[in-house]
Amino acid sequence: MSDTPNLAFDEAATEADALREQLNKHNYRYYSLDDPQISDAQYDQLLRRLENLEERYPLLQSADSPTQRVGSAPLSVFESVAHKVPMLSLANAFDDDELRDFERRLQTRLDDDSALTFVCEPKLDGVAVSLLYRDGVLVQGATRGDGFSGENITANVRTIASIPLKLQGQGFPPVLEVRGEIYLPRAGFDAINAEALAKGDKPFVNPRNAAAGSLRQLDSRITATRPLEMCAYSLGQTEGGALPDTHLATMLCLKEWGFLTNILMEAVVGIEACVDYYQRLAALRPGLAYDIDGIVYKVDSFRLQEALGFVARAPRWAIARKFPAEEATTRLLDVEFQVGRTGAITPVARLEPVFVGGVTVSNATLHNEDEIKRLGLHIGDRVVVRRAGDVIPQIARVLESELDRVDLPGIVFPTACPVCGSALQRSDEQAVLRCTGGLVCAAQRKEAIKHFASRKALDIDGLGDKIIDQLVDKGLIHTVADLFTLQVEQLAGLERMASKSAANLLASIAAARQTTLPRVLYALGIREVGETTAKLLATHFGSLEKLAEADTETLLAVPDVGPVVAAFVIQFLNNPHHLAIIASLREAGVEWPDMQPADEGVLPLAGQVWVLTGTLTAMSRGQGKEQLEALGAKVTSSVSAKTTCLVAGESAGSKLDKARSLDVAVIDEAQFLVLLESGG
């Protein structure tokens with residue numbers, strides 16, 4: 001601190017403000033404009049001066065200070081953050097014709113065949129994030145999560161130099177949510193892997209995994225050591241202020257306010273210009289400083305975006321054009337057979353490790369016996385493996401010309417379960433073999449317990465797959481009810497499980513004792529009973545006892561329940577072993593209160609009249625009708641003055657026009673899905 005004179009506080013505050021303004025300006029010129037005005041050494045001198053002032057006068061520290069990028073004390077867990085404006089996914093086009101179809105759909109919906117202006121942007125291969133600013137100061141950073149809620153990673157995003165802690169310039173809204181991609185440039189990826197190897201640590205597989213792992217560090221000081229960058233690509237929530245009426249102009253504003261935007265972003269007119277952009281970027285792709293996996297095309301006009309709206313969980317006005325799936329050649333070493341939660345026997349190809357699509361692949365799914373026959377696979381074949389993005393690797397084809405296959409052994413399916421030895425059964429309707437051992441089979445027990453503990457079931461935080469594998473293998477648990485009798489000593493004896501971790505896991509298990517009937521029905525793992533069907537059954541019957549008493553006819557009265565689901569429910573709840581597990585859960589203190597059985601007078605949409613029109617992508621119109629009726633609505637086929645609301649899917653026609661003429665409320669499919677998820 002010898003280089004800091006004994007300044008009065010007011011003088012120190014004035015100098016600190018000036019230093020912060022200088023440093024933020026130099027960050028802006030370095031990252032947003034790619035036009036640095038001082039050297040790294042000069043920047044470091046200014047930063048050190050500010051650090052000394054803030055150390056001497058702690059009251060001078062502020063959230064937007066460049067000194068706050070060094071990271072802070074570790075968190076114990078990430079908090080959940082709800083997105084006020086959902087972070088939606090994008091539809092995909094895989095060739096030029098699909099891209100042209102995209103434009104035709106837009107022109108049809110707009111009833112205008114004029115060429116549209118699109119903004120073309122490289123699709124960075126990183127992690128989508130949301131940044132919230134209030135009065136120009138960064139107050140929150142969050143991951144995309146499931147699109148509706150993510151994780152609070154504010155401490156981590158503060159460490160990324162290309163993210164402004166305080167916005168530059170003027171004109172930004174008082175509340176501004178900026179969305180973008182956090183990624184690791186190739187040079188940074190090589191540097192951290194070289195450092196990891198030098199320390200004897202395991203290197204990252206690819207830049208995307210490295211970026212994701214860096215952002216999910218509970219200790220932001222680790223994140224601060226990673227050379228991450230963030231590129232802005234859109235807005236979310238905004239309040240107040242005036243924004244431009246086009247996407248490109250908005251991106252230029254973001255650049256002025258201090259954000260890094262992609263210099264290859266370009267506005268073009270017409271879909272053929274989009275095709276041309278794809279060819280040009282594909283040629284540039286190998287030489288870029290970062291990984292991209294495609295291109296995003298967006299209608300530039302916000303007015304047209306609003307007119308086009310959304311479908312399911314994606315905007316109609318944007319599409320991603322993916323680059324072709326990466327392929328590599330390797331050899332099939334063996335085929336092993338895995339047993340799933342419902343007893344399904346899945347063949348898995350064991351391959352000579354090969355690098356494809358950004359990862360080293362040594363396994364690939366083969367789905368079922370029919371797929372193996374279609375490919376004509378033999379052990380020892382040379383095969384082409386395909387992987388695109390996060391898609392599970394698959395064998396695309398066999399290279400018969402590369403090898404004499406006469407003496408290669410074929411693939412023989414087991415006649416008994418490879419885990420418990422029980423008989424296998426294949427139904428006439430499905431291509432899947434199933435073990436008949438049920439929970440006698442250790443593999444099915446493991447998968448059943450993993451499902452029981454999953455997020456949408458009882459959501460037992462910290463109970464991962466490897467822990468469950470150990471618990472079953474060591475004979476510590478045999479059913480899901482045994483989870484609630486575990487002791488600290490038993491858990492602490494597991495691999496990589498210390499006493500504190502064991503205590504934390506027991507606390508999570510204890511918290512899961514208080515749950516709901518829909519979660520229990522889903523967690524029990526009844527075949528064909530997913531999350532939605534579990535909610536419908538719970539709402540209809542109100543208690544597990546009444547559900548267990550139901551016959552086929554009664555079950556068929558429940559929306560979304562057909563003969564197959566009804567048969568599985570009756571079979572499950574008439575199995576003495578399953579009833580014993582349910583009784584054991586209750587004895588272990590697991591509680592799920594009964595619900596009010598379905599009653600038209602208390603359902604959220606009771607007394608309302610709804611109409612569905614057009615094509616829905618997430619479900620059929622019949623399924624949409626069933627879900628509305630489950631919420632108490634009456635669903636009719638025609639629009640009238642008595643209609644409460646119209647759900648307009650793709651290619652909605654005369655019913656939509658009539659609804660507008662009668663001033664009937666209209667929602668699109670995205671809004672409809674949000675309504676269903678909220679329970680009306």
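Is Cys441 buried or exposed, and what is its relative accessible area? Cys441 is buried, with a relative accessible area of 0%; buried denotes under 20% relative accessible area, exposed over 50%, and partly exposed the range in between, for a 1.4 Å probe and protein chains only.

The structure is a predicted model, in which local features need pLDDT of at least 70 and side-chain atom pairs count only at pLDDT 80 or more, whereas totals for chains, interfaces and linings use all residues. Residues are numbered from 1 along each chain as its sequence is written, and side-chain values use heavy atoms, with hydrogens and water left out. The mean pLDDT (the predictor's confidence in each residue, from 0 to 100) is 84 for the protein, and 91% of its residues reach 70 or more. Over residues 1-5 the pLDDT falls below 50, and this stretch has 10 contacts in the model beyond near neighbours in sequence; a contact requires heavy atoms within 4.5 Å. Where pLDDT is low, the predicted coordinates should not be read in detail.

Helices (H or I, at least four residues) and strands (E, at least two) are DSSP runs, numbered from the N terminus. An open sheet of 4 strands shows antiparallel pairing in the order β5-β4-β7-β8, where two strands pair if DSSP finds at least two bridges between them. Its edge strands, β5 (137-143) and β8 (229-239), each pair on one side only. Neighbouring strands of this sheet are turned against each other by 25 degrees on average, direction ignored. Axes are lines fitted to C-alpha atoms, for helices over the stretch in contact, and angles between N-to-C directions run from 0 to 180 degrees. Strand β7 (residues 175-183) runs antiparallel to β8 and is joined to it by 8 bridges; Val178 has Leu235 in β8 as its bridge partner. Helix α6 (residues 207-215) packs on the sheet, touching β4 (127-134) and β7, and its direction makes about 40 degrees with that of β4. Helix α8 (residues 247-256) also packs on the sheet, touching β7 and β8, at about 110 degrees to the direction of β8.

In helix α17 (residues 531-541), the buried residues include Thr533, Leu536 and Phe541. Among the elements that cover the buried residues of α17 are α16 (517-523), α20 (563-573) and α22 (621-630). Just after α17, Gly542 takes a positive phi of about 85 degrees.

The structure holds 0 disulfides, a disulfide being a pair of cysteine sulfur atoms within 2.5 Å. Cys435 is in no disulfide, and the nearest cysteine sulfur, that of Cys420, is 3.6 Å away. Cys435 counts as buried, at 7% relative accessibility. Cys441 is likewise in no disulfide, with the nearest cysteine sulfur, that of Cys417, 3.9 Å away.
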